[in-house]
Amino acid sequence: QVQLVESGGGLVQAGGSLRLSCAASGSITGINTMGWYRQAPGAQRELVAVITSGGTTYADSVMGRFTISRDNGKNTVYLQMNSLNPEDTAVYYCNVRCATSYTPFRDYWGQGTQVTVSS
């Protein structure tokens, strides 16, 4: 019912930048939150950044380096990542909490995109 398509991951050197995108499609009638999570090998999935109509929330580890934004007209969320370091290496997952013509608000997850930062 809801598809999330992520793009923008890849390999970058420490200090570099990447921009992730996640486009949501389907019979969406309303979006509550859009966000990014990440999971490094052997670690639990953790919040990176979330954006709602009321503002943004960031993990302490990315504050000041990452910026989350959204284009409501395109149902798309972005994550601009600057000053990347090897500790940012992980699979990044898009998360959208939305309602559709057939379902109430619930969470949807993207397939994940790999971000690798070399030292």
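A residue is termed buried when its relative accessible area is under 20%, exposed when that area is over 50%, and partly exposed in between. The model described here is predicted. By the burial criterion, Cys 98, with a relative accessible area of 0%, is buried. The sulfur of Cys 98 is 9.9 Å from the closest cysteine sulfur, that of Cys 94, and this distance is too far for a bond, because a disulfide requires two cysteine sulfur atoms within 2.5 Å.

Cys 94 is instead joined to Cys 22, with the two sulfur atoms 2.1 Å apart. The count of disulfides comes to one. This pair links distant parts of the chain, since Cys 22 lies in strand β3 and Cys 94 in strand β9, 72 residues apart. The torsion about the S-S bond is about -80°, so the disulfide formed by Cys 22 and Cys 94 is left-handed. Both cysteines of the pair, Cys 22 and Cys 94, are buried.

Strand β3 also takes part in an open sheet of four strands, arranged in the order β1-β3-β8-β7 with antiparallel pairing. From one strand to the next, the twist averages 15°. The antiparallel pairing of β3 with β8 extends over six bridges. Within this pairing, Leu 20 has Leu 79 of β8 as its bridge partner.

The largest nonpolar core comprises 31 residues, and Trp 36, Leu 79, Met 81 and Tyr 92 are the members that touch the most others. Two or more residues are contributed by each of β1 (2-7), β3 (18-26), β4 (28-39), β5 (46-52), β7 (66-71), β8 (76-81), β9 (90-100) and β11 (113-118). Strand β9 supplies the largest share of this core, with five residues. In soluble globular proteins, nonpolar side chains tend to be buried together. When neighbours within four places in sequence are left aside, the contacts of Leu 79 include Trp 36 and Tyr 92. Its partners by the same criterion also include Leu 18, Arg 19 and Leu 20, together with Val 48 and Ala 49. Phe 66, Thr 67 and Ile 68 are likewise in contact with Leu 79.

Asn 75, in the loop between β7 and β8, has a positive phi of about 50° although it is not a glycine. With a relative accessible area of 21%, Asn 75 is partly exposed. A positive phi, near 50°, is also found at Ser 83, again a residue other than glycine. Ser 83 belongs to the loop between β8 and β9, and its relative accessibility of 43% places it in the partly exposed class.

Thr 103 lies in the loop between β9 and β10 (106-109). At 19% relative accessibility, Thr 103 counts as buried. The side chain of Thr 103 makes polar contacts with the side chain of Thr 100 at 2.8 Å and with the side chain of Tyr 108 at 3.5 Å. Not counting residues up to four places away in sequence, Thr 103 touches Gln 1 and Tyr 108.

Technical notes:
Residues numbered from 1 in each chain as written. Predicted model: local features only at pLDDT ≥ 70, side-chain atom pairs only at ≥ 80, totals over all residues. Heavy atoms only, no water. Core = buried A, V, L, I, M, F, W, Y, C linked by side-chain atoms within 4.5 Å. Buried < 20%, exposed > 50% of the residue type's maximum accessible area, 1.4 Å probe, protein only. Contact = heavy atoms within 4.5 Å. Pairing = 2+ DSSP bridges. Axes fitted to C-alpha atoms, helices over the stretch in contact; angles between N-to-C directions. Polar contact = N/O pair within 3.5 Å; in protein donor to acceptor, adjacent residues only side chain to side chain.
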